[in-house]
Amino acid sequence: MDLQFDSETYWNRSSRVAFSFDDEDEVDLAPELTSNGILADDTISEASFNNSATLNLSIKSILSEDALKLVLQEQALDDRVLPKGVSPEEELKLLRRQLQSTLYSPNLEATAQKLLQGKTAPLEMFKSLQEKQQLLDTLLVQGGGHAVITVLLFLKRTLNSIQFYGILRERPKALEQYLSYLKESGDLASHIELLQRFGRHQEAALKQFQAALAAGDLSIRKKHLQLLVDAYATAGVGIIPLYEQVFHAALKMQQLMEKENGLSKQLQDQPTPIEVLYACCQANSNWKEQDMLKSVSPQRFAADQQISAAQYEWTALNERAQAQAYADLECIFERVPSWHPLKTKQFHISFDLTIAVLRLYELQAPSTVLQLFLSKMGNSGEKLDLARRVKCIKAVIDAMAGMKQQQELQQLKDTLPERSEEQFYCENALKTLQSKRWTTDNIKLKL
């Protein structure tokens, strides 16, 4: 049996007049499609047979009503790409068919499924605001990230700003996805504007701050920071005080680098405050009495940049130790007590002393420096353990003497090289310990 199918003959039959695309036949498709289910004629077939008089298949015997509906929906949403090599007449018919398909009410589920699969679908058929919102809500429920952005861009293009931002305000999930899209696409201005529009001024301020610091040229960076400081000083949007301090500190740092050419040459294009502090430590020549009037003074710079005392001391310790300027180390940790300003300076460290000792040992500081810091430890047991760990013999002797371990001192003395400095130091510690012992015994006898 030969199968013959002529699409031109099929579409121009009198029984199929509802599907005609000829200019002279203006037919409304909706009545025929809706009067008897999907098709008015249940016996429609995609092929005609020579013996059609004896064989007449029903399409419903092949496809169910729902399946046939999905097929027609898929055809209506096919990508609008014309096949190559078609004749002008066929091209005109295809264009008419595509145009006529857009006159139907939009199919929400089929369009959403197309977008979720990464395919293109005609969105222009969604004309009312309600239809557009329903499409967006459907995609948000199904979690289609790329599809949601596609619809949001369509809404932004076809709605006014009040409607578009109203949709985003009512749908926080859509707002976050749109913000992520703006960030990834590099549209920083729109990203910041959207944050400000929805009252998220803290995030907007940080984005502006990051953008200002990202400027490659020092003068441009300073200009942007100045504009940022001035803008939030008069905006009255209430950013947290910490941000204002950070903005002012960054501006002061840029001004310092612009003023001190020698300092800026040592640094990278976009240094951090700690890196600038390290450079200030390198440039400082007087650690006993720092000149706080100089902008490059490490203490002043740390105060201007709101750098903590612990971070300042750690940075200065590392710089001085790496420069082998060990005589300056004690000056870093000298403080005049605030409760007694007339009292002499005292040793004060703002972080764990154990960490300082281990870092100095790692930087190969001499044993005299290690002993100096170990001598500031109050707990003799901890001092002994740490002194052994960093191989500081004199500090080990001091700790044993503080714990009155005379026998252990004698054993240590016997293991030290003859007539070495450490052995003489240990002998003196033993003599001092014995002298204190006899003095204590004499006092007890007199009593």
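This is a predicted model: local features need pLDDT of at least 70, side-chain atom pairs count only at pLDDT 80 or more; totals for chains, interfaces and linings use all residues.
Q: How many residues apart are Asp137 and Arg171?
A: Asp137 forms a salt bridge with Arg171. Asp137 belongs to helix α6 (residues 129-142), whereas Arg171 sits in the loop between α8 (161-170) and α9 (172-184). The pair links distant parts of the chain, and the separation is 34 residues.

Q: Is Arg171 buried or exposed?
A: A residue counts as buried when its relative accessible area is under 20%. The relative accessible area of Arg171 is 12%. Arg171 is therefore classed as buried.

Q: Which helix holds Glu421, the partner of Lys394?
A: The side chains of Lys394 and Glu421 meet in a salt bridge, at 2.5 Å from N to O. Lys394 lies in helix α22 (residues 393-402), so the pair ties together parts 27 residues apart in sequence. Glu421 lies in helix α24.

Q: Is Glu421 buried or exposed?
A: The cut-off for exposed is a relative accessible area over 50%. Lys394 has 16% relative accessibility and counts as buried. Glu421 has 53% relative accessibility, so Glu421 counts as exposed.

Q: What is the relative accessibility of Glu319?
A: Glu319 forms a salt bridge with Arg320, the closest N and O atoms being 2.6 Å apart. Arg320 is buried, with a relative accessible area of 9%. Glu319 also counts as buried, and its relative accessibility is 3%.

Terms used
Residues are numbered from 1 along each chain as its sequence is written. Side-chain values use heavy atoms; hydrogens and water are left out. A salt bridge is a side-chain nitrogen of Lys or Arg within 4 Å of a carboxyl oxygen of Asp or Glu. Helices (H or I, at least four residues) and strands (E, at least two) are DSSP runs, numbered from the N terminus. Buried means under 20% relative accessible area, exposed over 50%, partly exposed in between (1.4 Å probe, protein chains only).
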